Amino acid sequence: MPDVRVVNVTKKYGKLYALDDVSLTVHDQEYFSLLGPSGCGKTTLLRLIAGLIEPDSGEIYIGDRRVDKVPPEDRDIGFVFQTFALFPHMTAWSNVLYGPKVKNYDAKQAETIGHEVLELVKLNERLNAYPSELSGGMMQRIAVARALAAGAKTLLLDEPLGQLDAKVRNEIRYEIRRMAKDLKLTAIHVTHDQAEAMSISDRIAVMKKGKIVQVGTSQELYMHPDSLFVAHFIGESNFLEGYITKANGQSEIELRQGLKIKAINQSNVKPGERVVLAIRPETCEMKRGHVVAENSLFGKVEKTTFEGIVVRYEIRLENGDRFVINRPSLTEEWVKIGEDVTITYPLDKAHLFPYPEAGLAEEIKV
Amino acid sequence: MLSKLWNTLNTLSSKKPLKYTLYLSAIIIFFAIILVPPIIGILLKVGTVQNVLDQPALMNTALVAIQNSFIIALIVAALDLLAGVPLAWLITRGKSRWLSVLDTFADIPFVVPTAALGYSILLFWSSSGGISSLFGYSLVSPGWLLVMLLHFTFSFPVVVRVIVGALLDYKMEYERAARTLGAPPLTAARTVTFPIIKPSLIAAFSLAFARSLSETGATFIVAGAFINGPVFIQGLKNQLASGLPAPITQATYEGGTVFASIILIVVSLVIFGLIRVLGQKLTLPFGKGLPLVEKKLSYKKTAWSRNSVALVVFIVIVLVPSLFVALPAFQAIATGNTLVQAFTGQSIWASFWQSLLLSYGLGAIVTVLGILAGIPMAILIARKTFGKLPSAILDTLINIPLIVPSIALGISLKFFWQGVPGIPEFLLLVFAHLSITYPYFVRSMSAAMERINVDMEEAARTLGARPFTVFKTIVLPITKYSILSGAIIVFTRSVSETGATLAVTSKLVTAPVLLVNWVNSVRGIIAPIAGVNALTVGLACGFLILFSFIILLVLRLLTRKGKV
């Protein structure tokens with residue numbers, strides 16, 4: 001089974017770079033996700049790998065074979081479309097058997113494969129129905145079965161769950177991963193839903209404006225974001241802006257109105273430099289009243305929202321900055337609006353970044 | 001052998017050279033056979049225009065004729081919209097199951113060959129046997145009013161068809177949303193539905209306008225002393241041949257023809273350009289309207305009377321006059337003798353069946369060639385294979401033959417091809433008909449291609465299908481009804497085409513040309529043809545209508561079956 005390599009690929013539409021010198025390796029049998037906001041180039045990258053469009057420059061390999069000049073029908077891939085793209089004039093069963101047929105498998109072999117893949121997607125009813133008569137979930141299963149029946153070694157999925165309702169989506173995403181793993185396929189899954197990507201992927205590439213900004217496992221991306229964009233796009237972060245006053249080991253940052261806090265200097269920023277400190281809402285502790293402690297911030301609760309497992313607090317810090325934290329809803333007593341609180345954050349989970357040239361809002365814009 | 005060839009071509013279809021060869025040949029055929037010859041043909045003879053400029057009386061006649069053409073076309077297209085929209089509305093929104101019958105009937109004048117239609121209209125409105133018999137005098141004599149009635153009749157179905165299609169595709173949610181926001185039905189239609197289907201309203205107007213501008217055969221039958229552009233050109237041709245009322249020189253004939261053609265083409269292009277530009281800028285709805293009045297007009301009673309008026313207009317002005325010609329056919333059947341003569345091919349009937357065979361054979365060849373040359377072009381336009389701009393340019397260019405009066409097109413083709421020695425007249429006919437019908441097929445096919453989700457074709461490719469297989473297994477089955485209806489339009493249009501046919505032929509006689517001759521013989525416009533009388537003309541028209549109607553019915557049945 002193949003790995004997929006993309007080397008220095010660029011694709012332009014007019015003057016706009018859909019992909020700008022992108023390189024990526026997806027390992028053999030890996031379940032890999034391309035994650036990013038709309039227009040980031042993730043679908044373009046997937047369609048380039050499938051051969052549905054051609055790169056302006058760069059190379060694409062599936063296994064050892066260079067494929068960027070090979071037509072899609074010769075790439076041994078299976079592609080699942082967001083719209084499913086089931087052929088409306090064929091029954092579900094004919095859709096599944098389309099690949100084996102155009103590849104000239106004999107009828108018996110094609111049927112055997114058909115039954116196998118339908119077994120795999122757990123669909124053995126309504127095979128004589130036309131796509132327009134099937135539910136979203138069923139169409140999804142047929143689309144996957146059809147891609148598998150054609151003998152794909154690499155499975156490419158373009159927002160395959162986008163048209164399903166939430167409940168079905170959660171069920172099917174694990175099934176697709178299971179099938180890919182059972183069949184030892186290399187799978188590349190495009191999505192803009194970070195929860196979906198994190199729950200099913202071995203590794204994820206986060207994309208922004210035609211570039212890959214970070215590749216890693218879910219944990220790596222969550223725990224150690226390389227950029228403010230990833231810190232914002234994967235999970236949620238509070239961003240505190242300030243200037244470095246001390247830069248050796250434990251740095252000191254002066255926030256607005258002279259408020260001073262501590263952070264670990266992972267980015268080698270120098271004194272006087274403008275920085276942003278990213279702190280995730282769920283890493284913080286919160287106590288009632290003003291309690292003097294290390295790495296703490298004082299503020300007043302302005303808004304509370306019950307979100308099921310957690311309560312979300314929006315707090316106005318003493319220097320006027322806004323700060324959000326999430327606390328368990330069942331095991332902790334809730335704090336009320338208007339109460340004074342002390343927030344403490346773990347130094348090793350607060351990430352320090354140089355202030356972006358384009359400005360913070362522009363940097364994290366999705 | 002054939003399957004081996006298919007396999008090789010199919011494998012090659014994955015490679016770019018074959019793909020581009022196909023597309024390029026489609027473009028070359030379009031330019032070399034359809035677009036460029038008529039343009040060069042006219043330019044070749046541009047020098048002869050001096051002959052017209054030297055004869056102020058002739059020039060004046062030509063200019064008045066052309067002016068008449070545009071005035072009639074504009075009025076007819078406007079009336080078509082006015083009457084066609086309510087009927088299309090009734091067909092798509094009404095609940096009675098008789099409406100599908102009405103839908104089929106609305107197409108009849110479209111498939112009646114225009115020459116037969118012209119005679120039919122003449123009989124109905126003008127002759128003592130038609131509606132005039134109720135009044136004791138000729139209700140509408142041949143002239144501008146009769147031309148207008150004729151043009152209204154044959155362009156009306158085009159308008160209804162386009163708007164029915166648009167209303168069927170239209171999402172009712174928009175209108176329902178407007179209703180929930182407080183708009184009475186008529187206000188909702190004016191403020192929401194019509195603005196959304198505006199492109200179709202403009203397309204319908206343009207098509208009706210173009211049909212009225214270019215129709216020749218039938219117009220000549222009903223024109224009387226009235227002259228429009230095509231009638232002027234046809235008149236010159238007849239005058240050259242017969243020397244009546246006064247002999248004219250070849251140079252005067254060519255000059256007059258080229259002069260009228262150039263002005264017709266240039267003004268048409270300007271008007272269509274204007275429609276295109278202004279159409280986009282036209283923002284509907286106009287002004288605030290009168291919601292209170294519209295509310296009153298939306299009541300059931302007014303809706304009922306609106307529907308009745310639409311129906312009456314359709315039946316009295318379109319349907320009955322179109323079919324009226326079949327009455328003498330029944331009379332011919334009753335007398336028996338004419339029918340026996342017709343079926344045994346005696347006397348003049350031999351030439352009738354011959355011309356019919358020629359017309360249908362020609363139609364079939366033109367249809368097949370049109371499909372072969374048109375499919376790659378339709379794909380190019382719909383899929384924007386060479387980019388957005390080239391696709392838009394091609395899209396505009398293929399419509400040019402649609403707006404050029406067919407007789408002008410035929411004459412310029414003749415000028416071009418007569419420079420090629422030994423070119424058979426039949427081939428000229430094929431080229432002329434191909435030019436006229438090509439836009440219809442490409443438009444209907446490219447519209448169908450645009451409706452296919454591209455994902456579908458890409459899915460097939462990723463499943464291992466080569467481009468030819470994708471076309472055969474996905475595109476063809478999904479678009480086959482559009483291909484079929486496109487083919488039928490090409491076929492019926494070719495079979496009923498008169499103007500260009502008259503222009504390019506001197507020996508071959510197609511059915512509509514024969515019919516025009518017969519009608520003119522009966523009316524004493526040309527020297528009488530032995531054996532031709534009102535009965536034979538009626539029967540001949542009856543045959544043409546019957547055959548066309550059968551074709552229409554078969555199409556209906558086929559497309560019905562296709563609905564999944």
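Reader: Why are the side chains of B:Lys16 and A:Glu54 said to meet in a salt bridge?

Author: A salt bridge is a side-chain nitrogen of Lys or Arg within 4 Å of a carboxyl oxygen of Asp or Glu. For B:Lys16 and A:Glu54 the N to O distance is 2.9 Å. That value meets the cut-off, so the pair qualifies. The general idea: side chains of opposite charge can pair when their charged atoms come close.

Reader: What are the ground rules here?

Author: This is a predicted model, where local features need pLDDT of at least 70, side-chain atom pairs count only at pLDDT 80 or more, and totals for chains, interfaces and linings use all residues, while side-chain values use heavy atoms, without hydrogens and water. Residues are numbered from 1 along each chain as its sequence is written, with chains lettered from A and ligands numbered from 1 in the order in which they are written.

Reader: How many salt bridges does the rule find over all chains, and how many across the interface of chain B and chain A?

Author: The count over all chains is 34. Five of these salt bridges cross the interface of chain B and chain A.

Reader: What makes B:Glu458 and A:Arg47 a pair between chains?

Author: Their side chains form a salt bridge, 2.7 Å from N to O. B:Glu458 belongs to helix H24 (residues 454-462) of chain B, and A:Arg47 to helix H1 (residues 42-50) of chain A. Helices (H or I, at least four residues) and strands (E, at least two) are DSSP runs, numbered from the N terminus.

Reader: Why is B:Glu458 called buried?

Author: Buried means under 20% relative accessible area, exposed over 50%, partly exposed in between (1.4 Å probe, protein chains only). B:Glu458 has 11%, so it is buried. A:Arg47 is at 18%, so it counts as buried too.

Reader: What makes A:Arg274 and A:Glu241 a tie between parts of chain A?

Author: They form a salt bridge at 3.2 Å, N to O. A:Arg274 is in strand E14 (residues 274-279) and A:Glu241 in strand E11 (residues 238-246), so the pair joins parts 33 residues apart in sequence. A:Arg274 has 35% relative accessible area and is partly exposed. A:Glu241, at 30%, is partly exposed as well.

Reader: How far apart in sequence are the parts tied by B:Glu175 and B:Arg93?

Author: The parts are 82 residues apart: B:Glu175 is in helix H9 (residues 172-180) of chain B, B:Arg93 in helix H4 (residues 56-93) of chain B. Their closest N and O atoms are 3.0 Å apart, in a salt bridge. B:Glu175 is buried, at 8% relative accessibility.

Reader: Which residues are linked in a network of salt bridges?

Author: A:Glu73, A:Asp74, B:Arg461 and B:Arg466.

Reader: How do you know that chain B and chain A are in contact?

Author: Contact means heavy atoms within 4.5 Å. By that rule, 21 residues of chain B touch 24 residues of chain A. Buried area is the accessible area (1.4 Å probe) that two parts lose on being put together, summed over both. Here it is about 1900 Å², with 62% on carbon and sulfur atoms. In chain B, the residues losing the most area to chain A are B:Glu458, B:Thr462 and B:Leu463, together 34% of what that side buries.
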